[in-house]
Amino acid sequence: MTHDSRFNPAVPEHPFAPFVRILGKGKTGTRSLTREEAREAFGMVLRGEVEELQLGAFLMLLRVKEETGEELAGFVQACRDEMTSPPEGLQADLDWSSYAGKRHQHPWYLLSALLLAEAGHRVFIHGSGGHTPGRLYTEHAMTELALPIAASWQDVDTQLSGEGISYLSLAHFIPRLHHIMQLKPILGLRSPVNTLTRMLNPLACPASLQSIFHPAYGELHRTTDRLLGQQRSLVFKGDSGEVEIKPQADTRLQLLVNAQSSELTLPRRIDGRVASVEAPSVAPLRELWQGRRDDPYGELATLATAAVALLTMDEAPDLDSAHAMASSLWQARRRERLG
């Protein structure tokens with residue numbers, strides 16, 4: 001008996017298919033997701049309710065279209081909905097996102113964060129490593145420096161209370177998102193995930209530091225932060241995409257304070273090109289911190305990064321005051337640390 005395919009029951013459409021269709025209907029039919037659509041779609045992604053084929057199509061269609069602030073705000077909210085929640089009452093003063101890894105210079109920003117912690121500020125760092133070969137990531141660098149690495153929110157609470165600084169990998173509070181970040185070698189491109197992770201601020205810190213690879217993303221970050229109700233945030237193009245001022249470049253600082261945008265320029269302190277290091281390492285950080293080595297570049301990067309962080313936290317009224325404060329903290333640092 002011959003089977004007539006005309007009588008096959010129709011395959012029901014997958015619940016995620018409409019979101020792919022919205023983004024991929026062609027030049028005239030495509031539109032951006034609303035904030036609520038983005039929140040619903042990414043919630044499904046994080047709960048594992050989409051096929052891998054759909055996920056790849058979704059991320060790359062967004063990449064080609066370029067994500068909007070409304071979409072990113074929805075994605076971030078979905079992440080906060082689905083993440084392993086921190087215990088009630090766990091707070092930090094500064095949210096420090098670290099997802100890029102260092103390639104050209106040593107990770108001087110870790111000394112900046114340590115200065116802030118020694119001054120009594122609670123600095124929470126979150127990140128994800130390993131997605132781009134040839135880079136030194138924060139978790140590995142902090143481990144080598146014996147700085148606090150957490151495996152849970154309870155660890156974060158203990159470390160912030162004891163040492164004022166803590167790093168928690170994305171793998172421990174949004175494991176599905178961590179997995180998606182590792183898809184870059186397969187997809188061949190960065191995706192919106194690399195942008196939204198910088199705005200997660202999982203502890204709802206009043207101040208947030210975010211670095212970008214491309215200047216055009218700065219306003220997108222500020223728009224998203226404004227939609228999310230972030231009190232204070234700073235966005236700038238840092239070294240290798242990490243939150244670290246490059247002393248050899250004029251740095252455009254894009255601030256958001258209580259929904260009001262402003263911009264400052266931090267002038268360069270070094271003229272001319274600066275050669276890349278052969279391989280990023282923590283040994284020069286340890287030697288500079290302990291006073292066993294002079295490194296003008298490292299000290300300038302450390303103090304400038306600490307200064308813009310102090311400005312973002314409203315600890316100083318202007319850049320000159322912030323830099324003077326950072327210099328005072330540097331002179332008073334506990335040199336026996338990082339031994």
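**Charges, fold and core**

Analyst: Happy to! The protein carries 35 positive and 41 negative charges, and their mean positions are 5 Å apart. Here Lys and Arg count as positive and Asp and Glu as negative, while His and the chain ends are not counted; each charge is placed at NZ of Lys, CZ of Arg, CG of Asp or CD of Glu. This is a predicted model, in which local features need pLDDT of at least 70 and side-chain atom pairs count only at pLDDT 80 or more, whereas totals for chains, interfaces and linings use all residues. Residues are numbered from 1 along each chain as its sequence is written, and side-chain values use heavy atoms, with hydrogens and water left out.

User: How many helices and strands are there in the protein?

Analyst: Helices (H or I, at least four residues) and strands (E, at least two) are DSSP runs, numbered from the N terminus. By that rule, the protein has 14 helices and 8 strands.

User: What percentage of the residues of the protein count as buried?

Analyst: Buried means under 20% relative accessible area, exposed over 50%, and partly exposed in between, with a 1.4 Å probe and protein chains only. Among the 339 residues of the protein, the buried share is 54%.

User: Which residues have the most contacts inside the largest nonpolar core?

Analyst: A nonpolar core is a set of buried Ala, Val, Leu, Ile, Met, Phe, Trp, Tyr and Cys residues joined through side-chain atoms within 4.5 Å. The largest one has 52 residues, and helix α13 (residues 296-312) gives the most to it, with 11 residues. Apart from it lies another core of 49 residues, including Phe75 and Trp153. Inside the largest core, the residues with the most contacts are Leu94 and Trp96.

User: Which residues of helix α1 are buried?

Analyst: Helix α1 covers residues 17-24. The cover over its buried residues includes α2 (35-46), α3 (52-65) and α4 (69-82). After α1 comes Gly26, with a positive phi near 105°. The buried residues of α1 are Ala17, Phe19, Val20, Ile22 and Leu23.

User: Is Met181 buried or exposed?

Analyst: Met181 lies in helix α8 (residues 175-181). Contact means heavy atoms within 4.5 Å, and, not counting residues up to four places away in sequence, Met181 touches Tyr99, Ser128, His131, Leu170, Val193, Asn194 and Thr197. One of these, Leu170, is 11 residues from Met181 in sequence and 9.8 Å from it in space, C-alpha to C-alpha. With a relative accessible area of 2%, Met181 is buried.

User: What is the relative accessible area of Leu114?

Analyst: Leu114 lies in helix α5 (residues 109-118). Leaving aside neighbours within four places in sequence, Leu114 is in contact with Leu147, Ile165, Trp289, Arg337 and Leu338. Leu114 is buried, and its relative accessible area is 0%.

User: Where does Asn201 lie, and what is its phi?

Analyst: Asn201 is in the loop between α10 (193-196) and β5 (207-212). Asn201 is buried, with a relative accessible area of 4%. Its phi is positive in a residue other than glycine, near 40°.

User: And what is the phi of Asp314?

Analyst: The place of Asp314 is in the loop between α13 and α14 (319-331). Asp314 is not a glycine, yet its phi is positive, about 65°.
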